[in-house]
Amino acid sequence: MTSPSVTTTEPQAATPASVPLAFSTSTSAHDAGLLLLRVVLGLTMAGHGTQKLFGWFGGGGLSGTGQFFTASGYPAGDAMAVVAGLTETLGGLGLALGLLTPLAGAAVVGTMINAIAVHGAGAFFAPKGIEYELLLTVAAAAVALTGPGKYAVDRFLPVVRGHRLAHGLLAVALAVVIAGALLLVRN
């Protein structure tokens, strides 16, 4: 016999509604923030790449950029100008669209590692520092690791629809290896 004052209750499992939104993997705010970051970072890098390729926005074009690469110790400066321009332009557009996001982020990371090496580590803050390049590098790596969010072309591609941390880690590792290889051939 049980006493009326004693009641037994079973513990209830946490429901998704009781989990704080801060721990949710995808919210509208999270996706909107990633969209803003991707678009600004991506278009900035794409614009920078078109400076190299076409001389747009006051850039040196292939000739001027090739001379810069040669003076910076890279072999085949003109070829390096094409590679850097295409990497920045296509990587930037990929980030802005959320298209193949881990690879697009890795393209920016690799390019910016070389930019940091060329610019030098004499100071941190502008105009002679690396703060701008470092910020772009880390932002691109963060997007590659995090994924593009809900508002991205990747959502429609079966291979990258469900972003995995492993995709981002592999892409960033590839960027570091390729950037390192390019730095090794630099005089």
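A: **The α1–α3 contact**

In α1, the residues R38, V39, L41, G42, L43, M45, A46, H48, G49, T50, K52 and L53 meet A81, V82, A84, G85, L86, E88, T89, G92, L93, L95, A96 and L97 of α3, where contact means heavy atoms within 4.5 Å. By class, that contact has 14 nonpolar, seven polar and three charged residues. Here Ala, Val, Leu, Ile, Met, Phe, Trp, Tyr, Cys and Pro count as nonpolar, Asp, Glu, Lys and Arg as charged, and the others, Gly among them, as polar.

Bear in mind that this is a predicted model, so local features need pLDDT of at least 70 and side-chain atom pairs pLDDT 80 or more, while totals for chains, interfaces and linings use all residues. Numbering runs from 1 along each chain as its sequence is written, and side-chain values use heavy atoms, with hydrogens and water left out.

Now the geometry. Helix α1 covers residues 28-54 and helix α3 residues 77-97; their axes come within 7 Å and cross at roughly 155°. Axes are lines fitted to C-alpha atoms, for helices over the stretch in contact, with angles from 0 to 180 degrees between N-to-C directions. That makes α1 roughly antiparallel to α3 (over 145 degrees; under 35 is roughly parallel, 65 to 115 roughly perpendicular, the rest oblique). The crossing of α1 and α3 is left-handed, so the near helix is turned anticlockwise from the far one by less than a right angle; clockwise would be right-handed.

Now set that beside another pair. α4 and helix α6 (residues 165-185) pack at about 30°, with axes 8 Å apart, and are therefore roughly parallel. Their crossing is right-handed. From α4, residues including L103, V109 and I113 meet a set in α6 that includes V172, V176 and L183. This contact divides into 13 nonpolar, four polar and no charged residues.

One of the α4 residues there is N114. Helix α4 spans residues 101-119, and N114 is buried, at 8% relative accessible area (buried is under 20%, exposed over 50%, partly exposed in between, with a 1.4 Å probe and protein chains only). Leaving aside residues up to four places away in sequence, N114 touches Y74, A179, L182 and L183.

Zooming out, the protein has six helices and zero strands, taken as DSSP runs numbered from the N terminus (helices H or I, at least four residues; strands E, at least two). Of its 187 residues, 35% count as buried.
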